[in-house]
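Thanks for coming. I would like to go through the charged side chains of this model, pair by pair. Please have a look at it before I go on.

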Amino acid sequence: MAYQYALSNIYNHYLTTYAPKSATRYDAHKKSELRNVYNSIVKLNKEAPLSIVDTSEAAQKYVVGIKENARELRNTITSLSGSDESELLNRKTAYTTDNSVVDAKFIGDIASQNEDESFEISVEQLAQSQVNTGNYLRKDAMSMPSGTYSFDIAVNNTGYEFQFNINPGDTNFDLQNKLARLINNANIGLKAEIKEYDENHAALSLESSATGIDLGHSTIFDVSDEQTSRHGGIVDYLGLDEISRYPQNASFTLNGEKRISYSNHFTIGGKYDITLQGISNTENPNVTVGLKPDTESLTENVHRFIGGYNDFIRAATEYQNTQPKSSQLIREMSRISGLYNNELGSLGISLTEDGTIQVDDAILKAGIDENGAKESLNGIKRFANAVLNKTNAISLNPMDYVNKTIVAYKNPGKNYAPAYITSQYSGMMFNSYI
């Protein structure tokens, strides 16, 4: 367990540092899908020549970024589609009559889409986090003696002890910054920051990541040093236990029925992803949530797909000066879009000189209205499917786009799948940690 936890931390470090990371339901896979990935890796290894790969730090950052950006694009396409190829870009999109109060996304299956389905939400109160704001102290002063101190923070019934030193010459501002770093690096569900009253006074503020509160409780976290293992007194001195905002649950009505939620973000019926943004207008409190018509949904899906494609191209372009192979990746993507140039052009979708794609909304909407929503998008659906296949290939073997020297080719007909070729990518990630 400890080993798996360490690897998880390493992987998350790379992704949050070098590439965007978002956990979605499209990252979960069935056993059959994982089996197909395994078989593809075995086949790939069997045919791949033996190579010496560039394992510099720059190459490591690049290959992790390329793989994760490909995953992001794949998830974008998948989120707009169903499980069948014919359903590409057919997902309906949700609307709300007031986005400043309620934001909605449709996350249900394509089979469950019902354009006539709608409901009303009225928001009375938003969920809030807990905030403790400490005492505003002079930055250049210090009234606590030097020594080793500690204090305890209990977050949702889990206790954490923090130990630190006050050294001779430390100021209040030094101490506040030290504790802010200590708490933030601990990753216990609290965010610490320094709030300045003026240029001479500052306070340490603590805010919970979570919102809402359980029945019978009034706080999400508590700070004390009454039974700590080192010197106490720092909680009273800094005012870390002073609550400036108590947590509260979201309160709203759904089709007239009173509801309460710990968070402003939740799902309804497994079909709608809801985010409460603000309080309803007292004169007209109800916000309607439903599905847009086919024409509007398909137009929005096209824009989201093209946006994801362009983000991927721009991310690859950033590496061109340091990783020559990234140009190969951009050319391959451009060749795919070039194959569908005529079909895309009839819908106002065209390739630009930098490899990105632009959309003429007037031509796109006219093409959809003239030929019918689903029939007019057959060309871009084929293009989206080709891009989807390409992102799967990139995710499977991002090492194709790293500088490497071929040492030997396999003996045709007598080769086998070497066990360690698949570890090249993961080995680059964990090389400096093992």
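Arg314 counts as partly exposed, at 45% relative accessibility. On that scale, buried means under 20% relative accessible area, exposed means over 50%, and partly exposed is in between, with a 1.4 Å probe and protein chains only. The side chain of Arg314 meets that of Asp311 in a salt bridge, 3.5 Å from N to O. By salt bridge I mean a side-chain nitrogen of Lys or Arg within 4 Å of a carboxyl oxygen of Asp or Glu. Both residues sit in helix α6 (residues 294–317), three residues apart, which is about one turn of the helix. Helices (H or I, at least four residues) and strands (E, at least two) are DSSP runs, numbered from the N terminus.

A word on the basis. This is a predicted model, in which local features need pLDDT of at least 70 and side-chain atom pairs count only at pLDDT 80 or more, while totals for chains, interfaces and linings use all residues. Residues are numbered from 1 along each chain as its sequence is written, and side-chain values use heavy atoms, with hydrogens and water left out.

Next, Lys139 and Glu196. Their closest N and O atoms are 2.6 Å apart, in a salt bridge. Glu196 belongs to strand β9 (residues 190–196) and Lys139 to the loop between β6 (137–138) and β7 (147–155), so the pair ties together parts that are 57 residues apart in sequence. Lys139 is buried, at 18% relative accessible area.

Arg71 is buried too, at 16%. Its side chain forms a salt bridge with Glu72, at 3.6 Å from N to O. Salt bridges with shared partners join Glu68, Arg71 and Glu72 into one network.

The count of salt bridges comes to 13.
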